[in-house]
Structure formats: structure tokens, C-alpha cells
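Hi,

Here is the structure I said I would pass on.

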Amino acid sequence: MIDISGLNSQQHEAVTTISGPSMILAGAGTGKTRVITYRIGHMIDQGIQPEQIVAMTFTNKAAREMKERLISLVGSHGKGIMVGTFHSFCIKILRRFAEEADLDPRFSLAGTSDQLDLVRRSLEEKGWHGLYKPDDILSRISRAKNALLIPETMLEEALQAKFEDEDLSFLKEVYQLYERQLKLNRVIDFDDCILKTALVLRRRSDVLERLQGEYTHFLVDEFQDTNFAQLSILELLAGKLNNICVVGDDDQSIYSWRGAMVETLDRFENIFKGTKLIKLEQNYRCTNVILNAANNVIKNNQGRKDKTLWSKSQSEEYITLTSKRDDGEEARWIAQKCFGLLGQGYRPKDIGILYRANSQARSLETALRERNLVYKVYGGSSFFERKEVRDFLAYFKLSLDPHDRMSFWRVINTPSRGVGLKTLERIEERSKELKISPFEVLVRNEVKLVGKANDAVGQFVKDVQSQSKWPIIHIDDLEKRGGEIIKAFGLEDDIRQKTSHEGAKKRKLESLKKLPEWIKGIGENQVEERGSLNILDLLDQLTLSDDKSGKNDKGPENHISLMTIHASKGLEFPAVFVCGIEDDLLPHKNSIDCPMSVQEERRLFYVAITRAKVKLHLSFARERFSNFQKQDRKPSRFLKELPKTGVVTDTELQSLNHLTSEQDRRERNAKRLSRLRDSIKGGFS
């Protein structure tokens with residue numbers, strides 16, 4: 001039996017309410033993860049079988065941490081619980097019921113770059129290449145899939161689904177072409193994981209009833225980040241027994257651009273009647289000064305579920321607000337403050353610098369370098385989107401299945417084998433005519449090649465066939481296969497020949513050399529969790545990964561962290577800097593004219609504030625370099641919403657530090673309030 005005596009009253013109620021629908025409103029830093037794991041542990045103590053429980057979250061990292069905590073709490077029982085992301089849960093269903101979902105049993109997942117390639121091919125098929133941006137088209141198709149719309153019926157169902165697009169007829173046509181490309185290449189995209197699961201559950205009552213019998217209790221973390229399609233799956237699977245608990249915070253809903261809908265919390269209560277609402281408001285992270293600022297800002301949002309965060313912390317550390325001439329001076333001020341914090345005993349990893357846009361990192365990096373401060377910029381493209389990694393994984397997939405079309409097209413000319421565009425087109429045409437894979441076209445010599453291309457492609461075919469002959473049975477086979485692929489296909493030489501920058505070349509070669517051992521590590525984790533090695537599941541896991549580094553190690557790194565506010569969600573630092581708090585940045589210029597978008601930007605500011613445990617520094621610049629010129633900036637409208645106590649300018653903080661009496665501090669603080677608000681209005685000019 002787990003000991004729940006240490007929980008506060010709200011947490012205790014959340015943990016022990018295990019029957020019927022419930023919604024836990026978990027404010028920032030209120031011990032949400034502890035509540036989730038203790039709740040699952042309590043369910044097992046009450047006789048619910050681990051195999052009947054599904055716990056879903058939104059990142060692989062969060063899923064791993066939840067699984068580790070569960071195993072630590074309940075022992076081997078934790079291994080039987082289905083813990084994963086929405087996408088990983090859905091892809092397990094599709095793998096199991098591929099035929100019912102009208103999928104090839106050996107389907108694979110297309111990564112982001114592959115999806116864009118397929119959109120380009122779809123546009124080229126109609127002669128529309130260059131007329132539309134592939135990423136815009138992919139985004140529009142993604143929104144349609146999130147609304148559970150398919151090309152065949154989208155014109156009729158769009159109105160009912162409240163789906164809007166600038167040209168529905170065009171979208172339908174390009175969506176159909178894209179779907180054809182997906183099917184031709186035997187792949188599905190990320191949104192299909194959810195869409196096709198929802199469709200098979202709707203259309204096949206036998207599949208739905210089977211899963212309803214197997215899974216009786218559902219728990220969903222970060223519920224505010226769900227979309228309509230995900231909510232539909234929950235309604236179908238949990239609708240019979242209604243044993244479902246969602247955990248979320250509408251004040252931290254910041255992913256509408258990914259299809260998330262803050263209104264899913266209200267929709268949930270309408271779908272699951274009699275939902276019990278439990279609020280977690282005691283914060284274990286921040287000081288009350290920081291929480292007071294966060295509460296004061298977020299209360300300006302309309303339609304939110306009311307809650308007020310509080311803490312037992314006795315700290316009265318001020319929040320500092322400063323204005324600098326330009327973004328360069330702002331960055332140097334932040335670097336100076338970081339230097340001072342290190343002198344006070346803070347470690348580099350205790351400091352987080354947050355900003356709204358990635359472009360803000362440049363001046364910060366320069367300033368930190370000048371001070372010789374160790375830092376790391378988080379964000380950017382996924383580790384799995386790097387060319388050397390994608391090439392390696394494509395060869396790895398091809399060695400497992402030579403008929404994998406997406407992998408074939410990626411590597412047929414990498415390294416260069418002298419195969420021209422016209423030859424590639426002939427291979428594709430012949431593949432369609434004979435209804436065989438492009439690789440089989442080469443095996444049968446259906447397309448004539450001459451000279452260097454003939455020899456190189458002939459060797460390519462032999463090497464792929466040689467690799468595919470040997471099955472992967474043991475964990476060590478993964479590392480061995482990876483090493484053979486790098487050697488047989490000359491991937492290291494390809495990097496040396498095509499990368500001129502020495503630093504980039506070294507990084508790529510180091511990444512490539514680590515891949516065989518790394519893929520073995522992924523396999524070891526799978527065997528540890530599931531008891532056996534499944535190659536298709538392993539490849540799904542690689543494609544769905546949200547890892548930005550590709551590292552297996554879990555040790556903390558000691559550096560100052562630079563990241564966007566979006567990337568900081570779920571993290572905390574003893575000291576936090578939030579910079580560039582200006583209109584057109586926060587709120588972003590693309591959001592200013594839409595009240596709902598401004599509310600999401602305010603939630604973003606709220607998330608930034610609540611990352612800080614003790615020290616919070618806010619700053620903005622009066623000028624910022626943008627569009628190749630310096631532009632005047634105005635302080636963010638959100639700064640006017642800060643409370644009347646607890647916030648001081650940097651200059652005033654220095655004066656306050658000379659005051660010894662608490663009464664003196666309070667009197668000085670009261671006198672400067674009107675000056676502070678006037679300063680914000682005028683941009684500290």
C-alpha cells in the first residue's frame with residue numbers, strides 16, 4: 001500500500017477519486033506529477049489491474065519520467081501500465097488493427113521532412129510547384145485531420161465541424177493527392193495516428209468493444225493541449241464506463257498553433273456528465289511574490305476556470321523590471337546579472353533565460369560569450385531531422401524492408417551514384433506500371449543504366465540485399481547492423497566530401513559514429529519495458545520521438561539555459577530572466593488584433609513567470625533590431641497588469657538593498673508604485 005498521508009487535502013481528494021469522470025485543475029508547480037503517480041498507485045491498491053490502466057501525456061520525456069516514478073512507487077506493477085503519448089498509444093492500436101484501419105500491416109511513419117516531400121510531389125503532380133508553400137499546405141491538411149475531416153466528405157462536413165479554410169475545394173484536391181502519396185509510399189503521418197484511430201473506432205464496433213473491455217481506466221495529463229480528434233478518441237474509449245480523469249490547466253494552454261483547444265476542458269464536462277472538479281492551488285515551486293504577479297496577470301483573461309495559486313514560502317524577494325536602450329544592452333545586462341548570480345553561489349544550471357522568439361537568442365549568446373559564461377540554446381530542429389541521422393535511419397529501414405519507398409527515394413543517390421532526375425522518374429514510372437517497389441525495379445533491371453550509375457546502383461542493390469538477409473534477433477544485432485550500414489554505404493566519406501565547414505563536419509561525423517550504439521540503447525529500453533524486441537515498434541518510437549539531442553544519458557548538464565517560453569513549459573529554475581517583454585513580441589505582432597490570441601499570449605507570459613522559483617527578472621528594450629533596421633519598441637501591455645507590490649526597477653532594487661528596516665522597505669516600496677506605472681507607460685524613456 002502506498003502512503004498518501006503526506007498529500008495536502010486537495011491532492012488527497014484528487015488521488016482517491018478513482019471512479020467516474022473527474023477533472024484536476026493543476027496550477028503551475030502544484031505537484032501534479034506526484035498526484036498522477038500516486039493516483040495510479042492508489043488505483044492498483046484498490047484492485048484495479050495495471051493492464052486496464054491507460055495514462056497518456058504529450059511528450060516522450062514526460063511519459064518516461066511518469067513510468068520511472070510509477071515503477072519506483074509500485075514496483076513491477078508499474079511495467080504493466082500503458083504509459084505513453086497520445087500518438088504512441090494510437091499507433092499501437094493501428095499496428096494491432098491495421099487491416100481494420102485499411103492500412104498495410106508494415107506501414108511506417110513519415111517524419112516532418114518526408115511529409116513536406118510528399119506535399120511537394122502532390123503539388124508537382126498538378127503543375128502547382130512554386131505556387132504554394134509546402135509547409136502552409138501541410139499545416140492546412142493537418143488542421144483538417146485534427147477536425148476529423150477526410151477528403152471525400154470534407155466539403156459536406158466542414159460546416160458542422162466548424163472548420164474554416166481560405167479555399168476548401170483546393171484543399172480537398174491537394175489533400176487527396178497527398179493521401180495518395182502516403183498510400184503509395186505505405187506511410188502515415190503524425191496526424192494520421194490520431195485520425196485513423198478515431199475512424200477505426202467509429203466504423204468498427206468490434207474493435208471499439210474489444211478495447212473498451214481491455215482498458216477500463218484512463219488518465220490524461222496536459223489535457224489543455226488536446227484537440228478535437230484526441231477528445232473524440234477519449235469519448236469513444238472511456239464513454240462506456242466513464243472512468244476517466246483529465247489533468248490540465250487552462251491558464252497554461254499555449255499550443256493553439258498545434259491544434260490544441262483551450263475549450264476542450266469545457267467540452268469534456270459536457271461530454272462526461274457529472275464530472276468532479278478538483279483544484280490544486282498550493283504551489284511548491286514559487287514565492288508568493290511571483291505567484292501574486294502571475295495571478296494578477298492571468299485574471300485578466302476571460303472565460304478561464306478560476307483558481308488562485310499560493311505558497312507557504314516566506315521569501316519576499318522582489319521581482320525586478322528593467323528597460324534598456326536596445327536589445328544589445330538588454331543582453332549585456334542579463335549577462336552581467338548572470339555573472340553576479342554565479343558569484344552569489346548559484347550554479348549555471350540554476351539560471352534560465354526565456355524569450356518569445358528564437359531570433360532573440362543571438363544577442364544573448366554574444367553577451368554571454370563576452371563574459372565567458374557556459375550556456376546552451378534549446379530548441380531548433382529535432383535530432384531526427386538532421387540529414388546524417390535521416391540518411392542513417394533510411395538505410396536502416398531499407399535493410400529491414402527493401403521495399404520501403406520513402407527510405408529508397410531518400411538514399412538511392414546518397415552518396416551520389418550518378419543517377420539523374422530522368423532516370424529516377426523512369427524508375428518511378430516503371431514501379432507504378434508493374435505495381436512493384438522501386439527497389440524491385442532495380443533488382444529486375446527494368447530500367448537501363450549505363451557507366452558509373454550502372455556499377456554504383458548494382459553495388460547498392462547487392463549491399464541492401466546483403467544486409468536484409470540477416471534478421472535482427474538480439475539487441476547486439478542492432479549495433480552491428482548500424483556499423484555495417486555506415487561502412488557498406490560510405491556514409492562517413494559522404495560527410496567528408498560534402499561538408500566544407502570543419503566544425504560542422506566534426507559534429508556530423510561524431511553524431512554518425514554514435515548512432516549504432518544509440519539505436520542499441522533504444523532497443524535495450526524497449527526490451528526492459530516490454531520484455532521483447534519489436535523492430536516495427538522501435539522504428540515507430542524513433543519517428544515519434546520529440547528528442548532534440550539524441551542523447552541517451554540522463555545526467556544534468558551545468559550550463560545556463562536559453563529557450564523560448566514555449567520550450568520552457570514544464571521546467572523550473574531558481575533564477576529566471578524573461579526578456580523582450582514588448583508589444584509585437586509578447587504579445588506577438590501576429591496576435592495583437594485578435595482578442596483570443598492576445599489571451600493566449602497572456603497565458604504565455606503567465607507560463608514564463610511561473611518558471612521562476614525565487615528570482616525573476618523582467619526586461620524590455622526601447623529599440624530592437626528587426627527587418628534589417630532598428631525599430632522603436634513599446635513595453636508590453638502585460639506589464640501594466642503586474643501587481644502594485646513586489647515589483648521594482650533594477651535601480652530601485654539597489655537603493656532598497658541599502659535599507660535595513662522592513663518598515664523602511666515597505667514605505668519606500670509604496671512611494672515608488674506610481675513612478676513605476678508611469679515608467680511603464682512611457683517605456684522608461
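Where is the place of P415? P415 sits in the loop between α17 (405–411) and α18 (421–434). P587 belongs to the loop between β13 and α26 (595–609). For background, most peptide bonds are trans, and most residues other than glycine have a negative phi.

The model is predicted, with a mean pLDDT of 89 for the protein chain, and 92% of its residues reach 70 or more. Strand β13 (residues 573–578) has the highest confidence, at 98, while helix α28 (residues 662–671) has the lowest, at a mean of 57. Where pLDDT is low, the predicted coordinates should not be read in detail.

- D102 has a phi of about 60° and lies in the loop between α4 (86–96) and β4 (108–109).
- E222 has a phi of about 50° and is found in the loop between β6 (217–220) and α11 (228–238).

Are D102 and E222 buried or exposed? D102 counts as exposed because its relative accessibility is 60%, and the cut-off for exposed is over 50%. E222 counts as buried because its relative accessibility is 17%, and buried means under 20%.

On the overall layout, how is the protein chain divided into domains? The assignment gives domain 1 (9–98 + 195–280), domain 2 (112–185), domain 3 (298–382 + 554–645), domain 4 (384–544) and domain 5 (654–684). Domain 1 and domain 3 are each written as two segments. Between domain 3 and domain 4, the C-alpha centres lie 42 Å apart.

One thing from the records: UniProt, in an unreviewed entry, places the feature "domain: UvrD-like helicase ATP-binding" at residues 5–287. Over that stretch, residues 5–287, the chain is 49% helix and 11% strand. The C-alpha atoms at the ends of residues 5–287 are 25 Å apart.

That is what I have for now.

Cheers

Definitions and conventions
Residues numbered from 1 in each chain as written. Predicted model: local features only at pLDDT ≥ 70, side-chain atom pairs only at ≥ 80, totals over all residues. Heavy atoms only, no water. UniProt positions renumbered as here; feature names shortened; annotations may be inferred. Helix = DSSP H or I, 4+ residues; strand = E, 2+ residues; numbered from the N terminus. pLDDT = per-residue confidence, 0-100. Buried < 20%, exposed > 50% of the residue type's maximum accessible area, 1.4 Å probe, protein only. Domains from an automatic or database assignment.
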